[in-house]
Amino acid sequence: MTTMNLLIFSVLLLSSLTIPTMALEVCVKAAVGAPDHLGDCPFSQRVLLTLEEKKVPYQMHLIDISNKPKWFLEINPGGKVPVVKFDGRWVPDSDVITQILEKKYPKPSLVTPAEYASVGSKIFASFVTFLKSKNASDGTEQVLMSELSALEKHLKAHGPYVSGEKISAVDLSLAPKLYHLDVALRHFKNWNVPRNLTHVKKYMKLLFSRESFVKTAAKKKYLIAAWAPKVNP
Ligand SMILES: N[C@@H](CCC(=O)N[C@@H](CS)C(=O)NCC(=O)O)C(=O)O
Ligand SMILES: *[C@@H]1O[C@H](CO)[C@@H](O)[C@H](O)[C@H]1NC(C)=O
Ligand SMILES: *[C@@H]1O[C@H](CO)[C@@H](O)[C@H](O)[C@H]1NC(C)=O
């Protein structure tokens with residue numbers, strides 16, 4: 001082998017060894033009925049958003065939740081997505097994963113001040129209850145409205161993001177949930193976030209137009225397909 005060949009060979013060998021180990025492996029939900037497309041799991045998207053905002057290279061594995069591959073259940077007996085491989089160990093749960101990412105990749109910091117960490121935390125559950133409700137006078141819409149109004153009040157005082165001028169972890173957790181709310185309520189109930197919640201509306205626009213969000217959001221049709229059996233069982 002000539003010196004030149006040896007050099008090329010070493011470069012190829014090195015890059016084939018280092019590139020895959022540098023990218024974090026992450027398992028996320030595949031689309032319902034379209035296992036080659038990114039699915040709608042808000043916890044998976046939260047992790048992808050964190051990776052994108054921190055510019056951490058990653059390699060995605062799309063997991064068909066309705067037909068989980070054997071290798072996936074072997075690395076992750078709990079069977080839920082997302083899971084990320086850190087130093088050879090697969091770690092489930094978006095809360096745990098995002099905390100590890102913050103420690104390992106502190107820049108840019110996405111730490112949310114403790115006093116704001118639970119802002120909006122009841123919105124997703126109240127959205128799901130309202131979405132599934134078949135009785136217009138059961139109060140589920142009012143419960144959602146009061147959670148959204150609380151967010152409105154917070155953003156009016158502290159916005160545009162939950163902790164001010166800079167996006168942080170709590171926004172990345174809320175963004176996929178608000179996207180579900182927006183798309184699913186419009187589709188299944190012809191319901192929109194009321195116009196008087198101007199700060200919430202602006203917040204949603206701001207989140208949904210970020211490059212990280214556009215890159216990691218499921219297509220609307222996949223989100224709707226995933227909710228359909230839960231809305232009309
Ligand atoms: N607390 C978990 C929730 C994860 C979760 O519920 N994932 C759903 C998809 S969005 C899942 O994997 N469901 C499949 C199953 O439970 O079999 C997190 O924050 O990561
Ligand atoms: C809807 O909910 C209200 C309040 O709980 C109840 O009074 C009413 O009977 C319900 N209507 C139907 C059709 O179930
Ligand atoms: C917005 O309007 C709804 C009625 O559509 C009302 O229930 C709610 O209290 C209003 N919220 C704010 C913050 O003005």
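Biologist: Which residues are around ligand 1?

Modeller: In this predicted model, the residues around ligand 1 are Lys29, Cys41, Phe43, Ile65, Gly79, Lys80, Val81, Pro82, Asp93, Ser94 and Asp95.

Biologist: And how does the shell around ligand 1 split by class?

Modeller: The shell has five nonpolar, four charged and two polar residues.

Biologist: Phe43 is on that list. Which residues make up helix H2?

Modeller: H2 runs over residues 42-53, which is 12 residues. From first C-alpha to last, H2 reaches 16 Å, close to the 16 Å expected at 1.5 Å a residue.

Biologist: Is H2 mostly covered or mostly open?

Modeller: Mostly covered, with 10 of its 12 residues buried. Phe43 is one of the buried residues, and the others include Arg46, Val47 and Glu53.

Biologist: What covers the buried residues of H2?

Modeller: The cover includes strands S1 (24-31), S3 (58-63) and S4 (83-86). It also includes helices H4 (94-104), H7 (169-189) and H9 (211-216).

Biologist: What comes just after H2?

Modeller: Lys55, which takes a positive phi of about 55 degrees.

Biologist: Back to Val47. What does Val47 touch?

Modeller: Setting aside residues up to four places away in sequence, Val47 touches Val26, Pro82, Val84, Ser94, Ile97 and Thr98. Pro82 and Ser94 are also around ligand 1.

Biologist: Which residues of the largest nonpolar core touch the most other members?

Modeller: Val28, Val47 and Ala175, out of 48 residues in that core. H7 gives the most to this core, with nine residues.

Biologist: New topic. Where is Leu38, and why does it count as buried?

Modeller: Leu38 is in strand S2, residues 34-38. Leu38 counts as buried because it has 21 C-beta neighbours inside 10 Å, and the cut-off is 20 or more.

Biologist: What is Leu38 in contact with?

Modeller: Leaving out neighbours within four places in sequence, Leu38 is in contact with Val28, Ala31, Leu62 and Ala218. Val28 is also one of the core residues named above.

Biologist: How far apart are Leu38 and Asn135?

Modeller: They are 97 residues apart in sequence and 33 Å apart in space, C-alpha to C-alpha.

Biologist: Last one. Which residues does UniProt list for "domain: GST C-terminal"?

Modeller: The unreviewed UniProt entry lists residues 87-233. Over that span the chain is 61% helix and 3% strand, with end C-alpha atoms 42 Å apart.

Biologist: And what does "domain: GST N-terminal" cover?

Modeller: Residues 31-109, again according to an unreviewed UniProt entry. That span is 37% helix and 25% strand, and its end C-alpha atoms lie 31 Å apart.

Technical notes
Residues numbered from 1 in each chain as written. Chains lettered and ligands numbered in written order. Predicted model: local features only at pLDDT ≥ 70, side-chain atom pairs only at ≥ 80, totals over all residues. Near = placed C-beta within 6 Å. Nonpolar A, V, L, I, M, F, W, Y, C, P; charged D, E, K, R; others polar. Helix = DSSP H or I, 4+ residues; strand = E, 2+ residues; numbered from the N terminus. Expected span 1.5 Å × (residues − 1). Contact = placed C-beta atoms within 7 Å. Core = buried A, V, L, I, M, F, W, Y, C linked by C-beta atoms within 7 Å. UniProt positions renumbered as here; feature names shortened; annotations may be inferred.
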